[in-house]
Amino acid sequence: MIKKVKYLRSKLLEFLTHKIALPLIGKFRNKPKFNFSMEQLLKFEDGTLGKDLAIYLNKMNFKLLPNYEQHDCKHIILQYEMDEAGEARMQFNFLGNRHYSIPVISTCLITFFLMPEYWKQFKLDYQQGKKGKPFEDIDYNALVYLKTNDLRKTYQQC
């Protein structure tokens with residue numbers, strides 16, 4: 001029974017994310033162009049955000065999504081998996097970090113009700129976000145050349 005509920009929850013979250021949220025947000029999102037392909041990122045120096053991003057995306061069998069490269073970089077810096085739980089946890093981190101946007105607030109509300117087994121973790125992620133440095137006015141085209149571990153020290157601050 002629990003397995004079936006988790007499966008249905010997964011399908012609901014997948015639908016809400018890929019069929020509603022991403023297409024809708026994509027129409028309004030005006031992010032600076034990301035200048036790199038996966039092939040270029042894989043040629044970066046080991047330990048850089050760019051190379052770590054490409055390696056992780058390859059490992060997960062994902063590709064760079066236009067306008068979501070910055071978001072994916074945050075996954076790498078904050079060390080949240082690119083799965084349902086990791087995505088929800090990262091949004092609670094953003095909320096704690098005072099990033100009040102419709103996508104963040106709606107994701108936190110939906111996952112709070114759909115994922116009660118993560119409530120304690122969501123609280124910890126929120127608290128971690130309160131301590132971290134905000135992701136504001138960042139040039140991700142420059143950030144990808146920096147060492148991932150240095151960026152983690154800067155933005156996690158825990």
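Which residues is Leu64 in contact with, once we leave aside its neighbours within four places in sequence?

What we have on screen is a predicted model. The protein has nine helices and zero strands, so the pattern along the sequence is helix after helix, α-α-α-α-α-α-α-α-α. Of its 158 residues, 39% count as buried. Take the contacts between residues at least 6 apart in sequence: 62% of those join residues at least 24 apart.

Now, the inside. The largest nonpolar core has 35 residues, and Leu41, Leu49 and Leu53 have the most contacts within it. Two or more residues come from each of helix 2 (38-42), helix 3, helix 4, helix 5 (84-96), helix 6 (102-114), helix 8 and helix 9. Helix 5 gives the largest share, six residues. As a bit of background, nonpolar side chains in soluble globular proteins tend to be buried together.

Let's zoom in on helix 3 and helix 4. They pack at an angle of about 100°, with their axes 10 Å apart, which makes helix 3 roughly perpendicular to helix 4. On the helix 3 side, the contact is made by Leu49, Asp52, Leu53, Tyr56 and Leu57; helix 4 brings Asp72, Cys73, Ile76 and Ile77. By class, that contact has seven nonpolar, no polar and two charged residues.

Leaving aside its neighbours within four places in sequence, Leu49 is in contact with Cys73, Ile76, Ile77, Leu143, Val144, Leu146, Thr148 and Leu151.

Two of those names, Thr148 and Leu151, take us to helix 9 (residues 148-156), where the buried residues are Thr148, Leu151, Tyr155 and Gln156. They cover an arc of only 105° around the axis, so they sit on the same side of helix 9. These buried residues pack against helix 3 (49-59), helix 4 (69-78), helix 7 (119-131) and helix 8 (140-143).

Leu64 lies in the loop between helix 3 and helix 4. Is Leu64 buried or exposed? Its relative accessible area is 16%, and anything under 20% counts as buried, so Leu64 is buried. And its partners, again leaving aside neighbours within four places in sequence, are Phe34, Phe36, Ser37, Met38, Leu41, Leu53, Leu57 and Glu69. One more distance for you: the C-alpha atoms of Leu64 and Ala54, 10 residues apart along the chain, are separated by 8.4 Å.

That's my tour. Thanks, everyone!

Definitions and conventions. Residues numbered from 1 in each chain as written. Predicted model: local features only at pLDDT ≥ 70, side-chain atom pairs only at ≥ 80, totals over all residues. Heavy atoms only, no water. Buried < 20%, exposed > 50% of the residue type's maximum accessible area, 1.4 Å probe, protein only. Helix = DSSP H or I, 4+ residues; strand = E, 2+ residues; numbered from the N terminus. Arc of directions from axis to C-beta. Contact = heavy atoms within 4.5 Å. Core = buried A, V, L, I, M, F, W, Y, C linked by side-chain atoms within 4.5 Å. Axes fitted to C-alpha atoms, helices over the stretch in contact; angles between N-to-C directions. Parallel < 35°, antiparallel > 145°, perpendicular 65-115°, else oblique. Nonpolar A, V, L, I, M, F, W, Y, C, P; charged D, E, K, R; others polar.
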